[in-house]
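The sequence and the structure are shown first, and the description follows.

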Amino acid sequence: MTAEAPAAPALSFGRLIPVAVHFDDLDALGLLHNARYPLMAERAWAELWREHGFHFEGDWVAAGDACNAVKELRITYEAPVTRPGEYAVHLWLERLGTTGLTYGFRFCSADGALTYAHGTRVLVRLDPATLRPAPWSEEFRTAGRALLRPAG
């Protein structure tokens, strides 16, 4: 395979979270399986939000802002990951609304210099009793604002 990951601009927003690709993450062709990219992005987000005190431990009422659901997922694959090793997921928020948000992500080299895949995911905060949209807490919004991608 001759496809090469495109170079990315210098990291000036968001967070770079280390992730590991293991041998069993590869498919029969020796490529990172397409379903693993969003899974690793999800794990990276879970780690980042846990650092801010937002996590789910089995109780939706106690979960607060972690009580949310995916509305949309889009991903574009730029180049194949062909071996296990250390990589990263670059995370940021594109939009932070009252009850929803759109986050961006890049699956990239460990230093963030090369992009293998990128995408967005829309989440909606849910009221645990009704499963209807509910507003994010001010604590969550404060943490989220620090992750917003600058306009432009």
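## The nonpolar cores

The largest nonpolar core contains 31 residues, and those with the most contacts inside it are Leu32, Trp45, Trp49, Val89, Leu91, Leu101 and Phe107. Two or more residues of this core come from each of strand 1 (15-21), helix 1 (36-51), strand 3 (85-96), strand 4 (100-109), strand 5 (115-125) and helix 3. Helix 1 provides the largest share of this core, seven residues. A second, separate core has five residues, among them Ala63, Ala66, Cys67 and Leu126. A nonpolar core is here a set of buried Ala, Val, Leu, Ile, Met, Phe, Trp, Tyr and Cys residues joined through side-chain atoms within 4.5 Å. Buried means under 20% relative accessible area, exposed means over 50%, and partly exposed lies in between (1.4 Å probe, protein chains only). In soluble globular proteins, nonpolar side chains tend to be buried together.

## Basis of the description

This is a predicted model, in which local features need pLDDT of at least 70 and side-chain atom pairs count only at pLDDT 80 or more, while totals for chains, interfaces and linings use all residues. Residues are numbered from 1 along each chain as its sequence is written, and side-chain values use heavy atoms, with hydrogens and water left out. Helices (H or I, at least four residues) and strands (E, at least two) are DSSP runs, numbered from the N terminus.

Contact means heavy atoms within 4.5 Å. Leaving aside neighbours within four places in sequence, Trp49 is in contact with Phe54, Phe140, Ala143, Gly144 and Leu147. Leu147 lies in the segment after helix 3 and counts as buried, at 5% relative accessibility. With the neighbours within four places in sequence again set aside, Leu147 is in contact with Gly14, Arg15, Trp45, Leu48, Trp49, Trp92 and Leu93. The C-alpha atoms of Leu147 and Gly53 are separated by 15 Å, and these residues are 94 apart along the chain.

Helix 3 spans residues 138-145 and includes Glu139. Glu139 is exposed, with a relative accessible area of 56%. Glu139 and Gly14 are 125 residues apart in sequence and 18 Å apart in space, C-alpha to C-alpha.

## The largest pocket

The largest pocket has a volume of about 370 Å³. On a 1 Å grid over the protein atoms alone, a pocket is an open set of points where a 1.4 Å probe fits, with protein on both sides within 12 Å along at least five of seven lines, and lining residues have an atom within 4 Å of a point. Grid points are joined across faces, edges and corners, and a volume is the space filled by probe spheres set on the points.

The lining of the largest pocket has 20 residues, of which Glu42, Ala46, Trp49, Ala66 and Asn68 lie nearest its centre. Helix 1, strand 2 (68-77), strand 4 and strand 5 each supply at least two residues of this lining, and helix 1 gives the most, with five residues. The lining divides into 14 nonpolar, two polar and four charged residues. In this division Ala, Val, Leu, Ile, Met, Phe, Trp, Tyr, Cys and Pro count as nonpolar, Asp, Glu, Lys and Arg as charged, and the others, Gly among them, as polar.

## Strand residues

Arg125 lies in strand 5 and is buried, with a relative accessible area of 12%. The side chain of Arg125 makes a polar contact with the side chain of Asp65 (3.2 Å). A polar contact is a pair of N or O atoms within 3.5 Å; within protein, one must be able to donate a hydrogen and the other to accept it, and residues adjacent in sequence count only if both atoms are side-chain atoms.

Thr102 is placed in strand 4 and counts as buried, at 15% relative accessibility. Arg95 is found in strand 3 and is partly exposed, with a relative accessible area of 39%. Beyond four places in sequence, the contacts of Arg95 are Gly100, Leu101, Thr102, Val122 and Leu148.

## Loop residues

His55 lies in the loop between helix 1 and helix 2 (60-63) and counts as partly exposed, at 28% relative accessibility. A polar contact of 3.0 Å joins the side chains of His55 and Glu57. Not counting residues up to four places away in sequence, His55 touches Arg50, Ala63 and Ala66.
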